[in-house]
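Have the structure open and follow along.

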Amino acid sequence: MDPFDNNSTERANLPRNMIENSMFEEEPDVVDLAKEPTAFPTFPSLDPEDVTYEPRSSRLLVRGLGENDMDEDEEDCESSARLLGMSFMNRSSAHRSTSSPYTRQSPPRSCPRPSTRTTVVCVLFLVIVASMTMVLYFLPGCTFTKTGCVKPNKTTPSEPVYPVSTNGELFPWAQYRLPRSIRPLSYDLDLNPKLEDMTFSGRTLIKMSVLHNTKRIVLHSASLNISKATFKLGNGEAKDVTILEYKPRQQIAVKFSDELKAGQFCVLTLDYSASLSHSYSGFYNSSYSDKDGQRRVLAATQFEPLSARKAFPCFDEPDFKATFVIKITRKPNYMALSNMPLAKITQLPNGLMKDEFEKTSVNMSTYLVAFIVANFTPISKNVSETLVSVYSVPEKTEHTDYALDTASKLLEFYNGFFEINYPLKKLDLVAIPDFLAGAMENWGLITFRETSLLVDKLSSPLEKQVVASVVAHELAHQWFGNLVTMSWWNDLWLNEGFATYMQYTSLQAVFPQLDIGNLFLAVRFRALDKDALNSSHAVSTNVNTPEQVEEMFDSVSYEKGASILLMLNAFLPGDQQFRKGIIRYLRQFTGLNTNTDDLWNSLTQVDVSTQHLNVSEMMTSWTSQKGFPLVTVTHKGDEVTVTQEHFLLTSDNATHTSSLWHIPVTYVNDSCSLAPECKQVFTLKTESGSFKQPESVKWLKMNYKNTGFYIVHYGDEGWNAIGQALSNNVSVLTQEDRASLIHNIFALSRLGRVSFDRVLNLLNYISNETETSPVTEALLQLNNILQLLDKRQEQILVARMKNYILQKFGSLMNKQTWEEEENVSKQELRSALLETACSLNEENCVQRAKALFKQYVDSNGTSRIPGDLQQTVFNVAAQSNDDWETLLTAYGQVNYNAEKRKMLRGLASTHDARRIVSILLLSLSGDIIQTQELPLVIYTLCKEIPGYLFAWDFVQEHWDKLIEKFPVGSFPLQAIIKSTTSQFSTQAHFDQVQCFFSGLKERGSQMRSVQEALETIRLNQRWMNKNLSVLRKLL
Ligand SMILES: [Zn+2]
C-alpha cells in the first residue's frame, strides 16, 4: 500500500511513528468474568498454541506489577488476584469517563491537575491491592481459576482466561492472533451488493484442513450479521452450527463437542448481511458527480491491513494464504471487477447479472482480495502474457493513457529484473474517486486515488513523476508482498521497504528523465529525522493489537526500509549481487510467507567469488534496533578515527543506549571527491575504529552521496575545512553530498552537538548553490525554524530570518522563469524557491503570481499555469478576498484532480478565520471537499498562524468523528496529529497535548504518534531556549 499523500513536500513532512509502551495495553477482559460467575468452566482440550500465546490479561498484570520469576501455579494465583485488583482500577477509571468508550473524557484545557487525582487514584489502588492480597492470603489454596476455588494442581498448565461472546457463552479463544490448528485452503465468496440501499449480503464457503486436534474453529468477522452457519466434516452431512462472536477482537468461533482430528478436511458455510462501510475500509461505498452533475455510486474494497473481515468471514492474517473464487451479483448497467479475469456471466431471473471470476491461480493472503462494482471504462494493452488495463470513471478516460503506458513499461522491467513473470493473466489499475490511501496493491486489481493514477494531457513532468512513482511501487508489490508475503505485520517492511526501494530504482532505470533521485534523497533525510526520536521503533518490531498494526504503516517501514536496502546494495561488491540475492529469495519463497531473517539469509547465500560477507550479521543490526548511528570523525596526521553512538534526540540528554551498528562507512577526500571510483569503504562494527589517509588530505566527506543511513559529525576543524572548500568551489562535492552536509548539520544542531553559528557558517556558501537537492534541503530546514519562530510570535526574529533567506536565495529566486519547464529537477528547484519567495511576500514573486492568476481567470481556462507553479500562484491568489471566491468556484468546476488539490491547498492557506472554519467543516462532512483530503487541509492550514490556531482546537473537538473516518493509529491520523502539534514549543502547549491524549485512553492515547508529538514539543522547547538568544545575535 502507498498510504502517503502524493505530494513530495507533504510526504517529507508527515509523521509516521508509534509508541512502544506496554503501559497502554488494553484493559483485560475481566469485567466480563466478574459479571459472569459461571464463566469459569474448564476447556479440557487445549490447542498447542494455548501454550505458545500467553493470555494478554495475566501477562499485562504480572508485568504491570513488576513481579517476575513466579512458578506457574503461583502466577495463576497471583495474576488472578491482580486481575481483580486491576479490574477494579480499570472500572473505576472507566466511571470517570462518559458512557461511550469512544468519547474523550476531558474537554480540551480542562485537564485536572495531575497531582490531586493521581494521588487519590494511587492511594485507592494501593488500598485495593493490599486488601486483595490480604483476602487471598487468608483463603489458603483458593485461586480464582476457571474452576473456582480449587487447590493448585501441579500437572495442569495455567489456562487462559476466556472472554464472553455476545450470546453469553464463553468464547473459546483469548488472543488477537488466531489459533494455528485449522488452516483455510479455499474460499468461495458469493456477494450481492445493493448500491441503492448501501447494503450487501453474502455467502462464504471455506474449505479447511485440520492441522492439530482441536474442538474449535476461530476466525475473523467484523460488523457482519451472520444468519446461518453450516459445518461439514469430511464426507459427512452438513449440519447447522452456532456461531459465537467476540466483538472486541473481531472474532467468531464454532465449538465442537468432539475433537476435529489432525488430517481431516472440513467446510464451513456462512450466510450473512451487512451495510457497506461509510469509512474507507472494508467493502465501502463511494460516490462522485458525473459530467451532468448526477450523483453516481459505486462500491469498492480496501482490506489492508485488517478489513477483509468486514466483507467476508475469514482467517484474516497474512500467513493464512488460500485460493479464492469470487462471484458478484450486479445490475446490468454496472460492471464488476475482481483479482482474476471474468470466467462467466449468468443472467438471473430477477434481471440481475451474476459475474463469476476465475479461481485465483495463486495462493493469496486475505488482505489482497479485492472487488469493485461500478460503471468505469477501461483502456487496455497486452504486455507479454498479461492484459494490462486502466479503469476510471467515464469522464476521465482521457487521463488514463500515461498510466497505461507507464504500467506496461514497468511490468516488462520487473518481469526481467526479478526473472519471474507476473503470474496472472490480467492486471487492472483502477482510479477510485473516493480513496484514502495513495494506492493499494491488490493482486491483479490495483486501486488508486485519482491523483495517483490520472494525468492530464498537459500535466507537467513533476505530476507524471508522482503517478509513475506510485505505479512503480504497487507493481513491485506484485512480487514483494503478493508473491512472497511477510508472515506477520511486524515485518511489514519486507513488503513496504522493498516496494519503496524498487519504486525509486525502477524509475531510475526505466524513466531516467523523471529524475527521481532528488526525491529519494529527500525521503531518506526525513526518515532519519523520524528515526532520531526516542518514540521510533525497530524496522522489525513486535505488534499485536489492531492499532499497533495500523501504526506499522509509517516512515520506518517504508523509507528507512528502503534506505537500508540502498545502503546494502551500495555496499555489496558488483552491481548484480543484490539482484541475484533477491531473485533467490523470491524463488525460494514463492507463494509463501517469510520473516526478515529469510531475506538476509538468501542474500548471504548468494555466492561471492572473492569475499564472503555475512549480510545477515550486518543487516540485523539495522532491522532489530531502533534508530541509527552518529558517526564522529577526527583526523590527525595520517590517522582518521571514527566512532559511533546512537543518534538519539532526547529532551533531557540523559538517555544513552549501548546500540552498535555494523556500518559501511564510505568516504571521499579532497583529492578525489566526485566520481564513484573515489569512494572508499571502512567497516565499523565496534564503538570506534581507525584507518589511514595520506597526510596531505585536507578534508574528508563521509557517507558518499548519503547512501548510508547515518549522520556524520566532523568536529569543528572538519566542518571548517569542508565549509571553506565549498565556499571556494561549490563543485568539489556532488550535490547529494552537499545536501547531506546541510541535513546533517541541522540535525546536529537539534541534537545540541553544534552551535547555530556553525550551521550558518556552512550555509555561507549557499548563495553560490544552484542545484536542487542542497537548495531544497536548506530551504526546508530554514523554513522549519521560521515556522517555529512565527508560531512563538517572535516577530523581530521572523523578520530577520525572512531577510536572511531572501539574502541567501534572492538572486536564485529572481533567476527562475515562469514559463513551462520540461526538466523535472529544475521544476523541483523553482517550485521550492518561488513558493518560499511568495510566502515571504517577496514583491516580484507576488506580482508575477497575481498576474499569472489573472491571465488564467481571464482566459476562461484556456491559458494554463505551469503545473509546478500552480501551488505558488493559488496560494497568492487565496490571500485576496475576490480571488479566494474565484478559486473556490474553480475548485468546484475543475475535472483534473492534481490541479484541484492544489486549489484546495490554496484555499486552505487563507488567513480568514471564517473561511478556515468552513473549510475544516466541509472536509469533515465530505460534501464539497472529500474527507480523504482532511489531512492535507489540516497540514496546509497549520502553516499559517490563523489556521494553526484553529486546527488544534478542531482536532480536539472533532476527535470522535476523526477516528470514525480514520482508524486509530492509521497514517492519516498520524499525519493530523503531527501537523497540529509539531510547531508547539511551549510548556502550556505540551500540557494541553498531553492532557488531551491521556484522556482518550484506548481511543488514541496509546498511539506512537502521540509520544512523538510530545517528544517533538519538548525538543522544540529545548531548541528555542538554547537558540533564541543566539539567533538574536546572529541574524
Ligand atoms: Zn506499499
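Let's start with Lys 705, which is partly exposed, at a relative accessible area of 28%. Keep in mind that this is a predicted model.

- Lys 705 sits in the loop between β30 and β31 (711-713).
- Its phi is near 55°, a positive value in a residue other than glycine.
- Most residues other than glycine have a negative phi.
- Asn 706 lies in the loop between β30 and β31 as well, and this residue, also not a glycine, has a positive phi of about 55°.
- Is Asn 706 buried or exposed? Asn 706 counts as buried because its relative accessibility is 1%, and the cut-off for buried is under 20%.
- Lys 705, at 28%, is partly exposed.

**The sheet that includes β30**

- Strand β30 belongs to an open sheet of three strands, arranged in the order β28-β27-β30 with antiparallel pairing.
- Which strands form the edges? They are β28 (680-684) and β30 (700-702), each of which pairs on one side only.
- From one strand to the next, the twist averages 30°.
- Strand β27 (residues 663-669) and β30 run antiparallel and are joined by three bridges.
- Across this pairing, Tyr 667 stands opposite Met 702 in β30.

**The sheet built from β5, β9 and β8**

- Here three strands form an open sheet in the order β5-β9-β8, and the pairing is antiparallel.
- Why is one side of β5 (214-220) and of β8 (244-246) left without a neighbour in the sheet? Both stand at the edges with a single partner strand each, so one side of each has no neighbour there.
- On average, neighbouring strands of this sheet are turned by 30° against each other, direction ignored.
- Six bridges connect β5 with strand β9 (residues 251-260), and these two strands run antiparallel.
- Within the pairing, Ile 217 stands opposite Val 254 in β9.
- Strands of a sheet pair through backbone hydrogen bonds, either parallel or antiparallel.

**A cis peptide bond**

- Which residues does the cis peptide bond join? The bond is between Glu 304 and Pro 305, with omega about 0°.
- Most peptide bonds are trans.
- To find Pro 305, go to the loop between β12 (295-302) and β13 (323-330).

Terms used:
Residues numbered from 1 in each chain as written. Predicted model: local features only at pLDDT ≥ 70, side-chain atom pairs only at ≥ 80, totals over all residues. Heavy atoms only, no water. Pairing = 2+ DSSP bridges. Helix = DSSP H or I, 4+ residues; strand = E, 2+ residues; numbered from the N terminus. Axes fitted to C-alpha atoms, helices over the stretch in contact; angles between N-to-C directions. Buried < 20%, exposed > 50% of the residue type's maximum accessible area, 1.4 Å probe, protein only.
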